[in-house]
Structure formats: structure tokens, C-alpha cells
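I opened this notebook to record what I looked up, one topic at a time.

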Amino acid sequence: MKLVFMGTPDFSVPVLEALLEAGHEVCRVYSQPPRRSGRGKQVRPSPVHARAEALGLQVLTPERFKGSVVDEFATLQADAAIVIAYGQILPQKALDAPEKGCLNLHASLLPRWRGAAPIQRAIMAGDAETGVCVMQMEAGLDTGPVLARQVTPILPDDTALLLHDRLAEISAKLIVDTLLKLDSLPAAPQDETGVTYAAKIDKSEARIDWTRPAVDLSAHIRGLSPSPGAWCEIDGGRVKVLLAETEAGSGAPGTVLDDRLLIACGEGALRLKQVQPAGKAAMATSAYLSGRSVLSGSVVS
């Protein structure tokens, strides 16, 4: 097929590569404009932009997908547009331009977790499973009929990063299979009774509330790991908690229960396994405690 590809972050790259490996013609790539990032705040192209150029593909990075950008898009006469985490709203004229429309890959089991942060929200909510849906795009936010889906369990040790990478691999295989069967796939409307929204992660959510049950905090920590990272204050310094395990234990919430950072929660306790002090690299808790002591009975906040 002659395809347009629209995507921006690392999550989208395996799908682009899979489409090319399957023999599809990607006539144009659209991505978000280069942004300042990293410690030096240098202007860098998005992961999709960089990979597409390395593959010899033409890339456009409009600030807004409207006006003359849409007009030019319509002249491409593509069979379909494949959209995955592009980050811009497509007007109806663009949705109607490809012969078979615009197909969006969304990292949730729609209609659950429509919106910006479905991977993080699924883990944080304690969901048992998630997946990827291929949706026929329409004007609403992730509201279109679903053409295909694949389910994967959320494992007890899944972080947002681990699940992100697994869903990216699933997305790549699913879109290739979907395009092979596209003309025969029924478009199933979403059940509006099951709608939930995955709001963008706000930094204010990252501070750990030790009054919550340990099992909930474990999911919260994994859903925010590694970025932005759930955090607390230990001995007056901010420390991200990247991995933690539930254990038996009780005490006032936030109380340190032993010399290896077992912390009392509203119910149960959490053993901190991997942390990242401000300005330093992630490390095992044993390395963090080397040369310092966090005394049993002290309080983290």
C-alpha cells in the first residue's frame, strides 16, 4: 500500500520500521517539530523524524496540521494514513483524504483509557491487562470504531517503560496484520459504557502519599517509572523511587521500619528496591544506603 505515516516518540518507531519491512510504500512522514531537550536543551528532531530521515524518507514537521498543510496532504493520494502518537488533531478533511482513511494505533483496550497516557494509567489503576487497538479515526478523541485489537497481561513487575516497549512491539506486528486483512475487517463501534480517560500525567501526581495502601503505591510507582518518577523526601533530599515491592509491615505511614528502607504505608509496607537521588543516576537501594544510614523509626515524606 501507499501509506502516510504520522508519529513522534520512540513508541512509534517500530511501527514505521515494520511497515517498510512488510513492503509498504511510505510516501511521506509527518512528525512534531524539533524541540529543545536533554541537559543542554539543544534542538533535536523527534525519534520518528530522526529515524525516518535515516531511512531516506521525506519528513514534514508542521507546527499545526491545518490550512495548506492539509491541502498538500490530500494531494498525496495515499491508500491510508497510519497514525501512532503523532500529537496533533487531524481535521475532517485530512481524515477523509486517504482512500481507506486514517488508522490510529492506541495503546489501550478501547474504550478504556482514551487519551494521552494510557500505558501509565493502566498500571497505576492496577489493571490486569491492556493492549493495542487499531481504530478507524474520526473527529472525536479516540472514539472511532475498532478494526483490530491485541491483549497483553500487565505483569506484577511491569513498569511504564517495560510495558511501553512491549506494546510498541505488539503495535508493529498488529498493524502489518491489520493492513493485510483491512478490506475484510468489520469496524466495531466502541461501547460508550466502558469509557475512561487517560489524562496526561501531572507532576503533582508524582509525590508519594504514604497513607495509601502499599499495593496501590506499588502500582503508582511502576506506572511513573522511570519518568517522571514517583518521589519522596528522605533526610530532606528528594529521591525518586523507581522500583518497590510490597511486604508485610505496619506503622505510621512514612515510617522507616528497618535499615534497608522498608516503609510503612496506610496498609502494609513497601521495600524500596531502586531509587534515584536528585542529580544522580538510578541505583539499587543498597548502593544508595552505602555510606549513609536511614535509621529505623525515622520518617520519609
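**Second largest pocket.** I looked up which element gives the most to the lining of the second largest pocket, and I found β13, with three residues. Both β13 (237–247) and β15 (269–277) supply at least two residues of that lining, where strands are DSSP runs of E with at least two residues and helices are runs of H or I with at least four, numbered from the N terminus. The model is a predicted one, in which local features need pLDDT of at least 70 and side-chain atom pairs count only at pLDDT 80 or more, while totals for chains, interfaces and linings use all residues. I also noted that residues are numbered from 1 along each chain as its sequence is written, and that side-chain values use heavy atoms, with hydrogens and water left out.

The second largest pocket holds about 230 Å³ of space, a volume being the space filled by probe spheres set on grid points that are joined across faces, edges and corners. A pocket here is an open set of points on a 1 Å grid over the protein atoms alone, where a 1.4 Å probe fits, with protein on both sides within 12 Å along at least five of seven lines, and lining residues have an atom within 4 Å of a point. Its lining has 14 residues, and Pro228, Gly229, Trp231, Arg238 and Lys240 are the closest to the centre. I sorted the lining into six nonpolar, three polar and five charged residues, with Ala, Val, Leu, Ile, Met, Phe, Trp, Tyr, Cys and Pro as nonpolar, Asp, Glu, Lys and Arg as charged, and the others, Gly among them, as polar.

**Largest pocket.** I then turned to the largest pocket, which has a volume of about 1500 Å³. It is lined by 42 residues, and those nearest its centre are Ala85, Gly87, Gly115, Ala116 and Ala117. Two or more lining residues come from each of β6 (80–84), β7 (102–106), α5 (118–124) and α6 (160–181). The lining divides into 25 nonpolar, 12 polar and five charged residues.

**Cysteines.** I searched for disulfides, meaning pairs of cysteine sulfur atoms within 2.5 Å, and the structure holds zero. Cys232 is in no disulfide either, as the nearest cysteine sulfur, that of Cys265, lies 10 Å away.

**Salt bridges.** I counted 12 salt bridges, each a side-chain nitrogen of Lys or Arg within 4 Å of a carboxyl oxygen of Asp or Glu. In one of them, Glu63 and Arg35 meet at 3.5 Å, N to O, and this pair links distant parts of the chain, 28 residues apart, with Glu63 in the loop between β5 (59–60) and α3 (68–74) and Arg35 in strand β3 (residues 35–37). Asp183 and Lys100 form another, at 2.9 Å, N to O. Asp183 is exposed at 68% relative accessibility, whereas Lys100 is partly exposed at 24%; buried means under 20% relative accessible area, exposed over 50%, and partly exposed in between, with a 1.4 Å probe and protein chains only. My last pair was Arg166 with Asp158, whose closest N and O atoms are 2.7 Å apart; Asp158 is buried, at 2%.
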